[in-house]
Amino acid sequence: MGKEEEKKEFYPLSVIGIDDDNDILHILRDVFRMMPDTRFAGFTDPELAFESIDEAEYEMVVVDWKMPVISGLAFLNRLRSLSQYQMVPVVVITGYLDPK
């Protein structure tokens, strides 16, 4: 295999992030901004995130586990009910600390 054949093609990556903490979304935005050809859309409101999901297609989802209106698990269950999101990679994050 020649050098040209060994080269991998990288395509633009579209990521959506959902977290009730705007500071976390800013951190995620900064992290994904460092990755070439990556677009990040962040939402503190899960319902607004679903509106965006209806309009755009994302290749990766980052979601907070513990949110006040809808939990991360409930969000994922709803997301996975959409055929185009059944196999999309998901990263679940949390800042929740159980003092027990």
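Author: Let us begin with a term: two strands are said to pair if DSSP finds at least two bridges between them. In this model, which is predicted, an open sheet of 4 strands has the order S2-S1-S3-S4, and the pairing is parallel.

Reader: Which strands stand at the edges of this sheet?

Author: S2 and S4 (90–93) stand there, each with a single partner strand, so one side of each has no neighbour in the sheet. On average, and ignoring direction, neighbouring strands of this sheet are turned by 15° against each other.

Reader: How many bridges join S1 and S2?

Author: Strand S1 (residues 13–18) pairs with strand S2 (residues 38–43) in the parallel sense over 6 bridges. Between these two strands the chain passes through helix H2 (residues 22–33), and this β-α-β crossover is right-handed.

Reader: Where do the helices lie relative to the strands?

Author: H2 lies across S1, S2, S3 (60–64) and S4, and runs at about 175° to S2. Helix H3 (residues 46–55), for its part, lies across S1 and S2 and runs at about 160° to S1.

Reader: Which residues of H3 are buried, and why do they line one face of the helix?

Author: An α-helix has 3.6 residues a turn, so residues three or four places apart point the same way. In H3 the buried residues are Pro46, Ala49, Phe50, Ser52 and Ile53; seen down the helix axis they fall within an arc of 160°, so they line one face of H3. These buried residues pack against S1, S2 and H4, whereas on the other side of H3, Asp54 and Glu55 are exposed.

Reader: Which residues of the largest nonpolar core touch the most other members?

Author: In soluble globular proteins, nonpolar side chains tend to be buried together. The largest nonpolar core here has 17 residues, of which Ile16, Ile18, Ile53, Val61, Phe75 and Leu79 touch the most other members. The elements giving two or more residues to this core are S1, S2, H3, S3 and helix H4 (72–80). Leaving aside neighbours within four places in sequence, Val61 has contacts that include Ile16, Ile18, Phe75 and Leu79. There is also a second, separate core of 7 residues, and among them are Leu25, Leu28, Phe32 and Phe40.

Key
Residues numbered from 1 in each chain as written. Predicted model: local features only at pLDDT ≥ 70, side-chain atom pairs only at ≥ 80, totals over all residues. Heavy atoms only, no water. Right-handed = clockwise from strand over helix to strand, strands pointing away. Axes fitted to C-alpha atoms, helices over the stretch in contact; angles between N-to-C directions. Contact = heavy atoms within 4.5 Å. Core = buried A, V, L, I, M, F, W, Y, C linked by side-chain atoms within 4.5 Å. Buried < 20%, exposed > 50% of the residue type's maximum accessible area, 1.4 Å probe, protein only. Arc of directions from axis to C-beta.
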